[in-house]
Amino acid sequence: NSVVFAKSGSGKSYAIKLEILRYLMFGTDVIVVDPENEYKNLCEAVGGSYLTISLNAKDRINPFDLPISKEEDGEDILRSTISSVHGLINLMAGGLSPEEDALVDKALYETYSLKDITYDPESQKNEPPLMQDFYNVLSNMGGTDSVRARLSKYVEGTFSNLFNMPTNFELKPGFVVFSVRDLEEQLRPVAMYLILNYIWTKIRSEMKRRIMVIDEAWWMMQYEDSAKFLHGLVKRARKYYLGVT
């Protein structure tokens with residue numbers, strides 16, 4: 001893992017792009033989370049995949065997806081996935097009270113249970129739930145009015161296209177860039193969390209030599225839940241043959 005600090009214009013991006021090219025030459029997969037379209041030209045030059053995550057783009061990620069991993073048991077997989085989704089919900093809702101936090105945790109387990117997804121690894125191959133399913137479970141629980149009011153725009157409102165659809169693409173080998181430049185500023189930390197969660201799910205499903213570059217990581221470090229997620233990912237990355245920059 002590495003962290004790159006430098007003043008604006010001093011060559012951070014140039015150094016990282018050079019490093020990416022070297023890794024690609026040695027057969028390492030490189031995944032970039034790019035908030036400013038800095039890596040588009042490089043991606044096109046090496047024939048990589050450039051995925052735009054925005055309200056109008058066609059690429060969609062379902063945060064409820066589960067990894068199919070031979071390295072972990074079913075209980076660990078479900079618990080860690082629920083923990084990741086819980087962090088995302090917290091970020092979307094702008095924070096949760098202790099009471100709301102407990103209700104969200106219970107609702108997440110119930111949401112997976114509705115799709116017959118349990119600690120049994122075979123059940124985890126079932127179609128995962130969507131944000132709408134989670135919202136419906138919350139609607140049948142008392143004391144969730146405030147949480148639902150804060151989450152409604154992600155389920156039936158302006159942002160539902162982005163957060164309430166099944167995943168419709170696969171993480172390809174080689175060089176992949178996720179662009180979030182076309183998203184509203186308030187949505188960027190949530191979208192970056194969503195993307196990292198998707199990448200982490202895929203990385204745990206298939207062990208390969210990979211480097212993940214998170215450009216402008218301060219977007220995620222300003223919020224406790226996304227910062228915790230990033231911290232946890234960096235600490236566990238080595239076990240899955242992943243380096244984080």
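## Aromatic pairs

Two rings of Phe, Tyr or Trp count as a pair here if their centres lie within 6.5 Å. With that cut-off, a search through the whole of this predicted model turns up 9 aromatic pairs. One of them joins Tyr154 and Phe163, with centres 5.3 Å apart and planes at 85°, so it counts as edge-to-face, the class for angles over 60 degrees. Both partners are tucked away: Tyr154 is buried at 4% relative accessible area, and Phe163 is buried at 0%.

Another pair, Phe169 with Tyr198, is tilted, with 5.1 Å between the centres and 55° between the planes. This pair ties together distant parts of the chain: Phe169 sits in the loop between H7 and strand E3 (175-179), while Tyr198 belongs to helix H8 (residues 188-205), 29 residues apart. Phe169 is buried, with 11% relative accessible area, and Tyr198 is buried as well, with 3%.

Rings also group up elsewhere: ring pairs link Phe64, Tyr112 and Phe134 into a cluster. And there's a charge over a ring to look at, with Lys17 lying over the face of Tyr39 at 5.3 Å from the ring centre.

## Helix H5 and its cover

Phe134 from that ring cluster is also one of the buried residues of H5, along with Met131, Tyr135, Val137 and Leu138. These five span an arc of only 160° around the axis, which means they share one side of H5. An α-helix has 3.6 residues a turn, so residues three or four places apart point the same way.

What sits over that buried set? The cover includes helix H3 (74-92), H4, helix H6 (145-155) and helix H7 (160-163).

## The loop from H4 to H5

The loop between helix H4 (98-114) and helix H5 (131-139) holds Asp116, and Gln124 is in the loop between H4 and H5 too. Asp116 counts as exposed because its relative accessibility is 54%, and the cut-off is over 50%. The backbone of Asp116 is worth a look as well: its phi is near 60°, a positive value in a residue other than glycine.

Gln124, on the other hand, is buried at 4% relative accessible area. A polar atom of the Gln124 side chain lies 2.8 Å from the backbone oxygen of Gly74. Leaving out neighbours within four places in sequence, Gln124 is in contact with Leu66, Ile68, Gly74, Ile77, Leu78, Ile117, Thr118 and Tyr119.

How many residues of strand E1 (residues 29-34) are buried? It's 6 of 6, so the strand is mostly covered, with buried meaning under 20% relative accessible area. In a regular strand the side chains alternate between the two faces of the sheet. For E1, both faces are covered: Asp29, Ile31 and Val33 are buried on one side, and Val30, Val32 and Asp34 are buried on the other.

E1 has parallel partners in E4 and E3. With strand E4 (residues 210-214), E1 pairs in the parallel sense over 5 bridges, and Val32 stands opposite Val213 in E4. E1 and E3 also run parallel, joined by 5 bridges, with Val33 opposite Phe178 in E3.

Tyr23, in helix H1, is partly exposed, with a relative accessible area of 28%. Setting aside residues up to four places away in sequence, Tyr23 touches Thr28, Val30 and Ile211. Val30 is one of the buried residues of E1. The C-alpha atoms of Tyr23 and Arg210 are separated by 8.8 Å, although the two are 187 residues apart along the chain.

Val3 is placed in the segment before helix H1 (12-25) and is exposed, at 66% relative accessible area. Val3 and Thr245 are 242 residues apart in sequence, yet their C-alpha atoms are 5.7 Å apart in space.

## One more positive phi

Tyr241 lies in the loop between helix H10 (224-236) and strand E5 (242-244). Phi of Tyr241 is near 65°, again a positive value in a residue other than glycine.

Technical notes
Residues numbered from 1 in each chain as written. Predicted model: local features only at pLDDT ≥ 70, side-chain atom pairs only at ≥ 80, totals over all residues. Heavy atoms only, no water. Helix = DSSP H or I, 4+ residues; strand = E, 2+ residues; numbered from the N terminus. Buried < 20%, exposed > 50% of the residue type's maximum accessible area, 1.4 Å probe, protein only. Polar contact = N/O pair within 3.5 Å; in protein donor to acceptor, adjacent residues only side chain to side chain. Contact = heavy atoms within 4.5 Å. Arc of directions from axis to C-beta. Phe/Tyr/Trp six-rings, centres within 6.5 Å; stacked < 30°, edge-to-face > 60°. Lys NZ or Arg CZ within 6 Å of the ring centre and 35° of its normal. Pairing = 2+ DSSP bridges.
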